[in-house]
Amino acid sequence: MSDQHNDTDQLRHERRDERRHVRVEMPFDVRLGDGHVAKGHDLSMGGFSAETSMPLERQREIPVALMLTASGIELALSATARPLREIGEGRSQLVAFEFTRMEPRQRDILRRVIRAQMSGRHVSLDGLIDPQDAQTPRKRRSNVATPATRPKRRVPMFRYLALLVAAGVLTAAVAATVYRNVFLIEPSFAAVTAPRTDILAPGAGQLKDLDLKAGDKVERDQPLIDVNNAELQNDLLLSQASFDYNKRLIENLQQSLDDAGNSKVSVATSSNPANGELGFETLSPEIAKTRVEQFETARDYESSRIDAYKARVAANTIYSPCDCEVAWALSAAGGTYVNEGDRVMTLVSTSNNDVMVEALVHMEDIGDIENHQKAYIALPNASEPIPARVRSVALDVERQPRAGFPDWVRQQQNVASVLLVPESPLPASTVGTPVDVRFTDAPMLDTAAEWTYQAGRAMAQGVQSLWGRAADGMKSAMN
């Protein structure tokens, strides 16, 4: 009895009203932010759990893609999630994730998939397209008899044509999506980038405020930074004073020699008096001329030091190497102190020929990509793809520093960097924007598939926008 009682105390079922979202167990895969694919365990509107041996930083948001199967077609639902906790121990453990961001259309599809799974039905493509799902309540029709003499309404022929056209467009869009995701090469990450130039402090000192901030345009040879080195300025002043002192001594002594003839003259004892005290002694003209030569040597030495100090002071002012845009600048408010080599500004070259797309392609696929190969770039919320050409393929992604790539992406292993030149210039404001890239080997077929996919995506975005406006209008009317 005691053993049975202990077992009963350990079993505790979570009540339905205690859950924030109902969880269902179903087969699916999850593609994490670095391309790692994990096997999913259960799924809900609030998150999911998956088996993975990949180390994850708790509470750090990463992009994920839920890969579900509907009517034999794989669907990828994009979202942003963060790991909450690990369930179980071992090399491959169960990790619970919480959704932090998901588009309304993606969330609606996820809700339909979960409801279909709960109702015991298979997820179908028609069920995802239908405006009403299986558990949507419907109003009962009132049992009102219709007149027997009421004539039948003839459905106009154009409605059938419209349905056929819509079915054809949907079929073409689905086929293009499948072809695009299966047969075309997809990089692990791609973004709009531009050449980056880091401006470093030439020396230690206080940074002068030149009123430049991120987003400002700078022209070639325009002053960017000016470092005020107080110690260097003090050394320049001392050398200038010593030069002037020796120059005056030489002039006075030469005048005394000219006036004295063969008589002895009074000569300063040193070209650099200690503690500011100047001593004099009486010397013969021959010895006085030797002292003049010593003063001239000291004068020439100080002149060389002055030139060196001036060159170092001039080097503390850095000028723009190009017509660029300031991507980042260190604030000089309050006399910010910098050391030699500190990064104080980052410039980005945003001319039409410099703004490109950089894609990281896995080593398994890099052999199928060649220079001048055609590709397609899809910007977020764009209605049509942008054709591009491969400019270069580099195994060292850090060979040419470019702005627009996150640091964590650069740390990926077994990838190569591919630079793409778009046929239509990209605006400078898109630098740093992630894009969708597909490489093609059959231009005719791939072009048709890409345009069909983008047209279907544009239509879906338009429908989603209209639906959102209608929902907002209904909320405003209710309020």
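Contact here means heavy atoms within 4.5 Å. With that in hand, let's start with an arginine.

## R299 and its neighbours

R299 sits in helix α6; helices are DSSP runs of H or I with at least four residues, strands are runs of E with at least two, and both are numbered from the N terminus. Leaving aside neighbours within four places in sequence, R299 is in contact with F243, N246, K247 and I250. K247 is 52 residues away along the chain, yet the two C-alpha atoms are separated by 6.4 Å.

The cut-offs are under 20% relative accessible area for buried, over 50% for exposed, and partly exposed in between, using a 1.4 Å probe and protein chains only.

## What you're looking at

This is a predicted model, in which local features need pLDDT of at least 70 and side-chain atom pairs count only at pLDDT 80 or more, while totals for chains, interfaces and linings use all residues. Residues are numbered from 1 along each chain as its sequence is written, and side-chain values use heavy atoms, with hydrogens and water left out.

The protein has nine helices and 23 strands. Of its 479 residues, 35% count as buried. Take the contacts between residues at least 6 apart in sequence: 67% of them join residues at least 24 apart. The accessible surface comes to about 30,300 Å², and carbon and sulfur atoms own 50% of that; areas come from the Shrake-Rupley method with a 1.4 Å probe, and for residues only the protein chains shown count as cover.

Two strands pair if DSSP finds at least two bridges between them. Strands β9 (residues 205–207) and β11 (residues 223–228) pair in the antiparallel sense over two bridges, with Q206 opposite N228 in β11.

N316 belongs to the loop between α6 (285–315) and β14. At 7% relative accessibility, N316 counts as buried. Not counting residues up to four places away in sequence, N316 touches P202, G203, I225, D226, V227, N229 and L232.

## The disulfide

How many disulfides does a search of the whole structure find? It finds one, taking a disulfide as a pair of cysteine sulfur atoms within 2.5 Å. The partners are C322 and C324, with their sulfur atoms 1.7 Å apart. The torsion about their S-S bond is about -85°, so this disulfide is left-handed. Both C322 and C324 are buried.

## Out on the surface

M157, Y160, L161, L163 and L164 make up a nonpolar surface patch, with about 580 Å² of accessible area together. Patch residues have over 30% relative accessible area and no salt bridge; like charges are joined within 9 Å, and nonpolar side chains (Val, Leu, Ile, Met, Phe, Trp, Tyr) within 5 Å. A salt bridge is a side-chain nitrogen of Lys or Arg within 4 Å of a carboxyl oxygen of Asp or Glu. M157 is in helix α4 (residues 157–183) and, at 58% relative accessibility, counts as exposed.

Two loop residues have positive phi without being glycine. D221, in the loop between β10 (217–218) and β11, has phi near 70° and is exposed, with a relative accessible area of 54%. H372, in the loop between α7 (363–366) and β19 (374–378), has phi of about 70° and is exposed at 61%.
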